Amino acid sequence: MSEESVLKGGRLITDGINRIKGFTNVFAIGDVSAVVTEKNPVGFPGVAQVALQQGKQLVKNIINLVNGKPMIAFTYVDLGTMETIGRNKAVANLHKLRFKGFFAWLLWMFVHLMSLAGFSNKAIVIFNWAVNYLTRNSDNRLIIHYFKTNTMTMDPVAR
Ligand SMILES: Cc1cc2nc3c(=O)[nH]c(=O)nc-3n(C[C@H](O)[C@H](O)[C@H](O)COP(=O)(O)OP(=O)(O)OC[C@H]3O[C@@H](n4cnc5c(N)ncnc54)[C@H](O)[C@@H]3O)c2cc1C
């Protein structure tokens, strides 16, 4: 992969039909990619909605490619944003509809579960969520960074 195909941050530059810059029939979607256009020089945000919508569009486009039909440029439809902000709490901004608190938290879980492919993935996630909820386990949210400390100045020195 040449440097000109890679954006700062390591994302692969693609055109409107998700084709990697400099390649004919190699495509990239989701977090590894950035659809770079004049209007959108840094690509779409690295969120699940983008990846899901690109996946659906690319399937159609590959079928079109195989059948000798024109491919259709990807357009991102921003459905809104949701974020959990603690136990039983979330915020949801679905453009005209805005929710917060427990209802938004239930909505967040429902939307995320429905977005997972297959029954077994959904079942595993429900099980994990239930265990974490009941045990109040927050291990997975820890971001651990090791430092060596300069004993003279007490300044942290990254390893
Ligand atoms: C902590 C966290 C919280 C987030 N919260 C949100 C949120 O609330 N809402 C939201 O919209 N987005 C959220 N995101 C972003 C969202 O998860 C990503 O945008 C989305 O998952 C991108 O989908 P993807 O298919 O491109 O990549 P991924 O979901 O990362 O899928 C890539 C897959 O490829 C596999 N893989 C990697 N390398 C290889 C290899 N060499 N061979 C085979 N398989 C490989 C990986 O195991 C993985 O299964 C969050 C991300 C993180 C990290």
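Start at the hairpin of S3 and S4: 2 residues lie between the two strands, and Asn88 in the turn has a positive phi of about 65 degrees. Strands here are DSSP runs of E with at least two residues, helices are runs of H or I with at least four, and both are numbered from the N terminus.

Before going further, note that this is a predicted model: local features need pLDDT of at least 70, side-chain atom pairs count only at pLDDT 80 or more, and totals for chains, interfaces and linings use all residues. Residue numbers start from 1 along each chain as its sequence is written.

**The hairpin**

Select residues 81–86 for S3 and 89–94 for S4. The two strands run antiparallel and are joined by 5 bridges. Strands count as paired if DSSP finds at least two bridges between them. Now pick Gly86. Its bridge partner in S4 is Lys89.

Stay on Asn88, in the loop between S3 and S4. Is Asn88 buried or exposed? Asn88 is exposed, with 12 other C-beta atoms within 10 Å. The scale is this: with C-beta atoms placed from the backbone, a residue is buried if 20 or more others lie within 10 Å of its own, exposed if 12 or fewer, and partly exposed in between. Asn88 is not a glycine, yet its phi is positive. Most residues other than glycine have a negative phi.

S4 and S5 pair over 5 bridges, in the antiparallel sense. Click Leu94: its bridge partner in S5 is Leu97.

**On to H3**

Select residues 119–135, helix H3. At 1.5 Å a residue, its 17 residues should span 24 Å, and its end C-alpha atoms are 24 Å apart, which agrees. The expected span is 1.5 Å times one less than the number of residues. How many of the 17 residues of H3 are buried? The number is 0, so H3 lies largely in the open. Step to Arg136, which follows H3: its phi is positive, near 55 degrees.

Jump to Asn18, in the loop between strand S1 (12–14) and strand S2 (33–35). Asn18 has a positive phi of about 70 degrees although it is not a glycine. Asn18 is buried, with 23 other C-beta atoms within 10 Å.

**The ligand**

Display the ligand with Gly30, Asp31, Gly46, Val47, Ala48, Gln49 and Ala51, the residues that surround it. The shell divides into 3 nonpolar, 3 polar and 1 charged. Ala, Val, Leu, Ile, Met, Phe, Trp, Tyr, Cys and Pro count as nonpolar, Asp, Glu, Lys and Arg as charged, and the others, Gly among them, as polar.

**Zoom out**

Show the whole protein: 3 helices and 7 strands. Along the sequence the pattern reads β-β-α-β-β-β-α-α-β-β. Of the 159 residues in the protein, 12% are buried.

Technical notes
Near = placed C-beta within 6 Å.
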